[in-house]
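Biologist: I would like to learn how to read nonpolar patches and cores. Could we go through them one at a time?

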Amino acid sequence: MKKKIRKLATKLDMDKKMQERGFGNAELTNVHIVITGNPGTGKTTVALKLGEIFKAIGLLPTSKVVEKERKDLLSSYQNETAKVVDKACDEAMGGILFIDEAYTLTAIDKAGNQDKSGQEAVEALMTRMVKDAGKFVVICAGYRNQMEEFINNANLGFKRRFTAFLHIEDYTASQLVDIFIHNANKQGLTLTDEAKERLIKKVIQMVDSKSENFGNAGEMSKLCAKEIKKALQLLLVRL
């Protein structure tokens, strides 16, 4: 992921410098991104980091990231969704509009019909991505399979609006152990060798039996909080 982001940032920085120096038909790439990955892999964190990077290289004037989801972009009133999307884009102008679980915009109802408001939201978003090209960046995020289906089927021209597709793999057991230890250290705690051995076995079991909704780093945060609570309770008993 870091390599992909560095490559993207380097290209954008080069495009900007070439444009500023008047090289041929050089123009700044119109950037919009799709980030895919399971829960807890850091999609929002990557979006926030991209905000900082895009400001640093001069692609955007601010590093702000405006986070939205389905309920924030749809209106309960007929033909009003486009105005809600416009408002969200205006709010993100100069920065990033981050839409989490973007695939839910075109959800199918129980009758098998596509949500008309969701389709209206996609069309309104596409209009702003073209109209305000270069003025803000749209990042759509969610599960890989659902996002691929969403991007390919939401609208014939929707996929063409995106210039980068970034996928974040699930963390390995070793990486999850490091995340747990990092969380513990932030609480001012360190693990004994025995505790670390038990942690490694526990995490391996979790990874081996994980479902598609496994929370990755989020699972480590919950596990760390649970173990700290157990340790404190044991301490209180001994006192």
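Modeller: Patches are made of residues with over 30% relative accessible area and no salt bridge, where like charges are joined within 9 Å and nonpolar side chains (Val, Leu, Ile, Met, Phe, Trp, Tyr) within 5 Å. A salt bridge here is a side-chain nitrogen of Lys or Arg within 4 Å of a carboxyl oxygen of Asp or Glu, and accessible areas come from the Shrake-Rupley method with a 1.4 Å probe, only the protein chains shown counting as cover for residues. This is a predicted model, in which local features need pLDDT of at least 70 and side-chain atom pairs pLDDT 80 or more, while totals for chains, interfaces and linings use all residues. Residues are numbered from 1 along each chain as its sequence is written, and side-chain values use heavy atoms, without hydrogens and water.

Biologist: Which residues make the nonpolar surface patch?

Modeller: M14, M18 and F23 make this patch of about 290 Å². F23 lies in the loop between α1 (2-20) and β1 (33-37), helices (H or I, at least four residues) and strands (E, at least two) being DSSP runs numbered from the N terminus.

Biologist: Why is F23 called partly exposed?

Modeller: Buried means under 20% relative accessible area, exposed over 50%, and partly exposed in between (1.4 Å probe, protein chains only); F23 is partly exposed because its relative accessible area is 47%.

Biologist: Which residues touch the most other members of the largest nonpolar core?

Modeller: A nonpolar core is a set of buried Ala, Val, Leu, Ile, Met, Phe, Trp, Tyr and Cys residues joined through side-chain atoms within 4.5 Å. Here L97, L125, F150 and F158 touch the most other members among 29 residues, and α5 gives the most to this core, with six residues.
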